[in-house]
Amino acid sequence: MSRFELADRLQFYPGDFFTDELPSADVLVMGHILHDWDLTQKCTLLDKAYAALPTGGALVVYEALIDDDRRTNTFGLLMSLNMLIETTGGFDYTGADCRGWMREAGFTQTYVQHLLGPDSMVVGIK
């Protein structure tokens with residue numbers, strides 16, 4: 001971060017995001033987080049993120065999203081199988097799924113953007 005002169009603009013917080021409040025910030029990022037949890041827990045984290053953001057703030061969720069037709073992102077589909085085996089309720093999901101959960105949490109604008117490799121991000125704006 002220092003090399004890009006961003007060290008004074010970023011903070012990392014320790015804690016348990018299920019028991020602690022999320023820190024207030026303009027942007028929150030959840031990278032490869034939501035797929036570890038069941039649907040209720042996913043929605044709890046999205047609700048907590050919404051509460052921590054100011055109006056106009058953004059939540060960025062990135063994962064190996066399954067394509068909406070569930071036909072082309074083999075890596076995302078296999079990752080979902082992996083999460084079903086390794087966790088008690090985790091599963092991967094589509095961009096449309098995440099956008100819907102974000103809207104239920106109160107986010108007014110959402111979109112999906114493909115990243116490099118199998119990952120994509122879903123952005124929700126409060």
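Is Arg70 buried, partly exposed or exposed, and what is its relative accessible area? In this predicted model, Arg70 has a relative accessible area of 43%, so it counts as partly exposed.

Start with the strands. Four of them form an open sheet in the order β1-β2-β4-β3, and their pairing is mixed. At the edges you will find β1 (27-31) and β3 (109-114), each of which pairs on one side only. On average, neighbouring strands of this sheet are turned by 15° against each other, direction ignored.

Strand β3 runs antiparallel to β4 (residues 120-125), and six bridges join the two.

Now back to Arg70. A search of the whole structure finds one salt bridge, and Arg70 forms it with Asp97, with the closest N and O atoms 3.3 Å apart. The two partners sit in distant parts of the chain, 27 residues apart: Arg70 lies in the loop between β2 and α2 (74-86), while Asp97 belongs to helix α3 (residues 95-105). How accessible is Asp97? Its relative accessibility is 26%, so Asp97 counts as partly exposed, and Arg70, at 43%, is partly exposed as well.

Conventions
Residues are numbered from 1 along each chain as its sequence is written. This is a predicted model: local features need pLDDT of at least 70, side-chain atom pairs count only at pLDDT 80 or more; totals for chains, interfaces and linings use all residues. Side-chain values use heavy atoms; hydrogens and water are left out. Two strands pair if DSSP finds at least two bridges between them. Helices (H or I, at least four residues) and strands (E, at least two) are DSSP runs, numbered from the N terminus. Axes are lines fitted to C-alpha atoms, for helices over the stretch in contact, and angles run from 0 to 180 degrees between N-to-C directions. A salt bridge is a side-chain nitrogen of Lys or Arg within 4 Å of a carboxyl oxygen of Asp or Glu. Buried means under 20% relative accessible area, exposed over 50%, partly exposed in between (1.4 Å probe, protein chains only).
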